[in-house]
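Please look over the structure shown below before reading on.

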Amino acid sequence: MTWRKLGLIFTPTRGHPALATHAALPVAAPLSGDFVRVFYSGRDADNRSSVGSVVIRLAERPHVEDAPPAPILEPGPRGAFDDSGLGVGSIVRAGAEDRLYYMGWNVGGAVPWRNAIGVAVGSVKEGRFERLSAGPIMDRDMVDHYSLSYPWVLQAGPRSWLMWYGTHLAWGADKADMSHAIRRATSADGISWVRDPVVVLGPEEEDIAVVRPSVLARGDGFEMWFARRGHGPYGLGHAVSADGISWRRTAVQMPAPDTEGWEGGAATYPAAFTHAGRLWLLYNGSGYGAAGFGLAVWEE
């Protein structure tokens with residue numbers, strides 16, 4: 001059993017100024033048949049990020065069927081928590097609507113950025129979303145002191161929502177250096193969250209950061225795919241849990257990045273999804289999505 005890499009699937013085309021470069025943080029949501037809509041974060045000339053999407057047909061040779069040029073969500077108004085951009089977290093069906101959970105960010109002062117978590121509501125099928133509020137649903141507080149990052153949300157029951165998200169434990173000596181881990185929160189409605197102060201997955205050995213959790217309920221428990229890095233490029237990791245709280249890293253071999261080509265020696269920002277009975281994995285290479293995103297499929 002292993003991951004089979006299918007190569008680079010989408011490259012940003014400079015078709016719209018808000019999505020001129022990068023296709024980072026890809027997340028898939030099902031449409032009909034073999035089609036999925038993949039949401040991603042693109043950047044403008046000032047490095048501000050917006051959310052775009054493409055429709056992909058999954059087959060032995062997955063390919064882009066439609067690439068709407070306009071962004072779905074652009075940075076918020078000046079002073080808002082997301083005035084510098086949005087990073088895609090996850091997509092969840094909630095009754096008659098879809099929710100897009102994302103990380104909004106501001107340019108920082110003493111540190112490069114400060115992030116919070118927001119949500120937009122809309123339709124995956126129509127490719128449209130609007131902010132639920134100009135404000136975040138989770139920001140820094142007495143549990144998360146410094147900065148938050150990409151949320152992954154699952155609805156476990158009618159009044160049971162689960163979130164795994166990134167949090168800074170500390171900033172490092174270098175301006176962009178940090179200790180970053182993953183925490184968990186619960187909610188009855190997916191909007192108001194109660195945080196668990198316990199770190200559920202933290203840096204190990206030479207890691208300084210574990211980020212971008214992607215969680216699926218599988219079998220009798222949960223599986224998580226995440227990105228990790230020390231003082232070199234990002235790589236991918238995998239962990240399992242019976243309850244979503246206590247996680248154990250596994251030795252499952254993740255897609256190893258090629259040093260040449262679009263991956264450039266790095267693999268990051270994983271997002272797993274199932275379709276037609278198969279397990280798929282979207283991810284970025286070096287440059288945080290500068291070349292676009294790729295796809296792998298799990299081979300039993």
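**Pockets and backbone angles**

In this predicted model, the lining of the largest pocket is made up of 13 nonpolar, nine polar and two charged residues. The second largest pocket has a lining of 14 nonpolar, four polar and two charged residues.

Largest pocket
- The largest pocket holds about 640 Å³ of space, and its lining consists of 24 residues, among which Arg-43, Met-103, Trp-113, Tyr-150 and Tyr-269 lie nearest the centre.
- Two or more lining residues of the largest pocket come from each of the strands β2 (21–30), β3 (35–43), β6 (85–94), β7 (97–107), β8 (113–123) and β12 (178–187), and the largest share, three residues, is given by β3.

Second largest pocket
- The second largest pocket contains about 370 Å³ of space, and 20 residues line it, with Ala-28, Ala-29, Pro-30, Ile-91 and Val-92 lying nearest its centre.
- The elements that contribute two or more residues to the lining of the second largest pocket are β2, β6, β10 (152–157) and β18 (268–275).

Residues with positive phi
- His-22, which is found in strand β2, has a positive phi of about 70° although this residue is not a glycine.
- His-22 counts as buried because its relative accessibility is 11%, and buried means under 20%.
- Ala-276, which is found in the loop between β18 and β19 (278–284), is a residue other than glycine with a positive phi, near 55°.
- Ala-276 counts as exposed because its relative accessibility is 65%, and exposed means over 50%.

Terms used: Residues are numbered from 1 along each chain as its sequence is written. This is a predicted model: local features need pLDDT of at least 70, side-chain atom pairs count only at pLDDT 80 or more; totals for chains, interfaces and linings use all residues. Side-chain values use heavy atoms; hydrogens and water are left out. On a 1 Å grid over the protein atoms alone, a cavity is a set of points where a 1.4 Å probe fits but cannot get out, and a pocket is an open set with protein on both sides within 12 Å along at least five of seven lines; lining residues have an atom within 4 Å of a point. Grid points are joined across faces, edges and corners, and a volume is the space filled by probe spheres set on the points. Helices (H or I, at least four residues) and strands (E, at least two) are DSSP runs, numbered from the N terminus. Ala, Val, Leu, Ile, Met, Phe, Trp, Tyr, Cys and Pro count as nonpolar, Asp, Glu, Lys and Arg as charged, and the others, Gly among them, as polar. Buried means under 20% relative accessible area, exposed over 50%, partly exposed in between (1.4 Å probe, protein chains only).
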